[in-house]
Amino acid sequence: MKINKKIEDAINKQINAELYSAYLYLGMSARCTEMNLKGMANWLYVQAQEEMTHAMKFYRFVLERSGHAVMPAIEGVKSDWKAPVEMFAAAYEHEQKVTAMINNIMDIAISERDHASASMLNWFVDEQVEEEANSSEIAEKLKLIGESKEGLFMLDKELSTRVFVDSTQPAGGAQA
Ligand SMILES: [Fe+2]
Ligand SMILES: [Fe+2]
């Protein structure tokens, strides 16, 4: 069944929002690299890669449902971050906004009785729980660390271990 116009519009907006997220985290990653916080830079770079896969999951869905994917301009992002605590607090705030956007598309899918979209969106509902938990945990740790250079160094080391995994693709790497 061809995708309904209301959902198509909402998903197109979400493709843009996911690419904006990637852009936001890439900017933060660059700033962390400049600050010599390589672990945080790594975490944010991986996060940017994840956001790209979210955009592509929505993109594939629109086309699979014989919809029309449009590519409007992506808004520029803040780049004058002063400290990691500011970045991760903003990341958590941003993820809460994204959750609200996903919930809004889900509301449309339910009211339009579009079960296929609702099923696809369920993945994002679950994903957002993790996204909020991860960004909030790091933001809270940074608040606890405060001015401690040792604490910052240890957290940076911890965040250096994050590796990119495309969780939008089934295991084995085949195209979804
Ligand atoms: Fe996302
Ligand atoms: Fe996200």
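Modeller: Angles under 35 degrees count as roughly parallel, over 145 as roughly antiparallel, 65 to 115 as roughly perpendicular and the rest as oblique. This is a predicted model, in which local features need pLDDT of at least 70 and side-chain atom pairs pLDDT 80 or more, while totals for chains, interfaces and linings use all residues. Residues are numbered from 1 along each chain as its sequence is written, with chains lettered from A and ligands numbered from 1 in the order of writing.

Colleague: Why are α3 and α4 called roughly antiparallel?

Modeller: Helix α3 (residues 84-111) and helix α4 (residues 115-145) pack at about 165°, with axes 8 Å apart, and an angle over 145 counts as roughly antiparallel, so α3 and α4 are given that name. Their contact comprises 19 nonpolar, six polar and four charged residues.

Colleague: What makes α2 and α5 oblique to each other?

Modeller: Helix α2 (residues 38-64) and helix α5 (residues 149-159) pack at about 40°, with axes 7 Å apart; α2 and α5 are therefore oblique.

Colleague: Which residues have the most contacts inside the largest nonpolar core?

Modeller: They are Ile 11, Met 40, Leu 44 and Ile 105, in a core of 37 residues, a core being a set of buried Ala, Val, Leu, Ile, Met, Phe, Trp, Tyr and Cys residues joined through C-beta atoms within 7 Å, and buried meaning 20 or more other C-beta atoms within 10 Å of the residue's own. The largest share, 11 residues, comes from α1.

Conventions: Axes are lines fitted to C-alpha atoms, for helices over the stretch in contact, and angles run from 0 to 180 degrees between N-to-C directions. Helices (H or I, at least four residues) and strands (E, at least two) are DSSP runs, numbered from the N terminus. Ala, Val, Leu, Ile, Met, Phe, Trp, Tyr, Cys and Pro count as nonpolar, Asp, Glu, Lys and Arg as charged, and the others, Gly among them, as polar. A residue is buried if 20 or more other C-beta atoms lie within 10 Å of its own, exposed if 12 or fewer, and partly exposed in between; C-beta atoms are placed from the backbone.
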